[in-house]
Amino acid sequence: MAEYSVVRVTDVPDMAADVGMDPDHFEIRFLREKLGLQNFAVSVERFGGGWRPARGHRHQMQEEVYFLVSGRAEGKLDDEVIALEPWTAVRVPPQTARAFRAAGDEDAVFVTIAAPQADFGDIEFIQDFWTD
């Protein structure tokens with residue numbers, strides 16, 4: 001019998017409040033445990049339209065790819081702001097500070113892939129990273 005995992009994203013708890021984000025405007029679902037991943041992590045993130053989070057983050061060792069599935073978004077990578085359209089992927093190395101948000105009133109939904117797996121001790125949160 002083949003070995004595999006299937007998970008409905010809506011069956012994975014939203015952890016927005018647990019990571020210090022506003023659950024009325026942001027949603028994040030970590031799929032690593034439910035899928036039984038061993039070498040990388042996958043999450044689904046929804047940024048509410050019109051919401052402008054100020055906090056960014058960087059990692060010590062985890063590289064991430066943010067794949068925009070729907071909506072339009074902006075990303076701030078260190079001091080540079082980029083525009084993202086659906087079906088666009090952005091690779092961010094660990095030390096680059098990053099933050100994302102929806103561009104306009106429509107929600108932006110990302111699938112984020114990260115490797116290697118790391119715990120929350122790998123993250124440095126940056127308050128007031130994106131304040132405009």
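This is a predicted model: local features need pLDDT of at least 70, side-chain atom pairs count only at pLDDT 80 or more; totals for chains, interfaces and linings use all residues.
The lining of the largest pocket draws at least two residues from each of β1 (26–30), α1 (32–35), β2 (41–47), β3 (56–59), β4 (63–70), β8 (98–102), β9 (108–115) and β10 (123–126).

**The largest pocket**

- The lining consists of 36 residues, and among these V19, I28, F30, F120 and I123 are the ones that lie nearest the centre of the pocket.
- Of the elements that contribute, β2 gives the largest share of the lining, with five residues.
- By residue class, the lining is made up of 21 nonpolar, nine charged and six polar residues.

**Strand β9 and its two partners**

- In a regular strand, side chains alternate between the two faces of the sheet. The strand β9 has a covered face formed by A108, F110, T112 and A114, whereas V109, V111, I113 and A115 make up its uncovered face.
- A115, which belongs to the uncovered face of β9, is joined to P116 by a cis peptide bond with omega of about -10°, and P116 itself is placed in the loop between β9 and β10.

**The largest nonpolar core**

- The largest nonpolar core has 18 residues, and those that touch the most other members are F26, F47, L84, F100 and F110. Two or more residues of this core come from each of β1, β4, β5 (73–77), β7 (88–92), β8 and β9.
- F110, which lies on the covered face of β9, has contacts beyond four places in sequence with S43, V44, E45, F47, Y66, F67, L68, V69, A73, L84 and F100. Of these contacts, F47, L84 and F100 are also named among the core residues that touch the most other members.

**Strand β5 and its neighbours**

- The strand β5 is mostly covered, four of its five residues being buried.
- With strand β6 (residues 80–84), β5 pairs in the antiparallel sense through five bridges, and G75 stands opposite I82 in β6.
- With β8, β5 likewise forms an antiparallel pairing over five bridges, and in that strand the bridge partner of G75 is F100.
- The strands β5 and β6 form a hairpin with two residues between them. D78, in the loop between these two strands, has a positive phi, near 55°, although D78 is a residue other than glycine. Its relative accessible area is 35%, so D78 counts as partly exposed.

- A97 is placed in the loop between β7 and β8, and it counts as buried because its relative accessible area is 1%, below the 20% cut-off. Leaving aside residues up to four places away in sequence, A97 touches H57, R58, K76, L77, D78, I126 and F129. Between A97 and A108, which are eleven residues apart in sequence, the C-alpha to C-alpha separation is 20 Å.
- P53 is found in the loop between β2 and β3 and is likewise buried, because its relative accessible area is 7%, under the limit of 20%. Its contacts, with residues up to four places away in sequence not counted, are M21, F100, R101 and W130. P53 and H25 are 28 residues apart in sequence, while their C-alpha atoms are 9.1 Å apart in space.
- D128 lies in the segment after β10 and has a positive phi of about 55° although D128 is not a glycine. With a relative accessibility of 58%, over the 50% cut-off, D128 therefore counts as exposed.

Notes. Residues are numbered from 1 along each chain as its sequence is written. Side-chain values use heavy atoms; hydrogens and water are left out. On a 1 Å grid over the protein atoms alone, a cavity is a set of points where a 1.4 Å probe fits but cannot get out, and a pocket is an open set with protein on both sides within 12 Å along at least five of seven lines; lining residues have an atom within 4 Å of a point. Ala, Val, Leu, Ile, Met, Phe, Trp, Tyr, Cys and Pro count as nonpolar, Asp, Glu, Lys and Arg as charged, and the others, Gly among them, as polar. Buried means under 20% relative accessible area, exposed over 50%, partly exposed in between (1.4 Å probe, protein chains only). A nonpolar core is a set of buried Ala, Val, Leu, Ile, Met, Phe, Trp, Tyr and Cys residues joined through side-chain atoms within 4.5 Å. Contact means heavy atoms within 4.5 Å. Two strands pair if DSSP finds at least two bridges between them.
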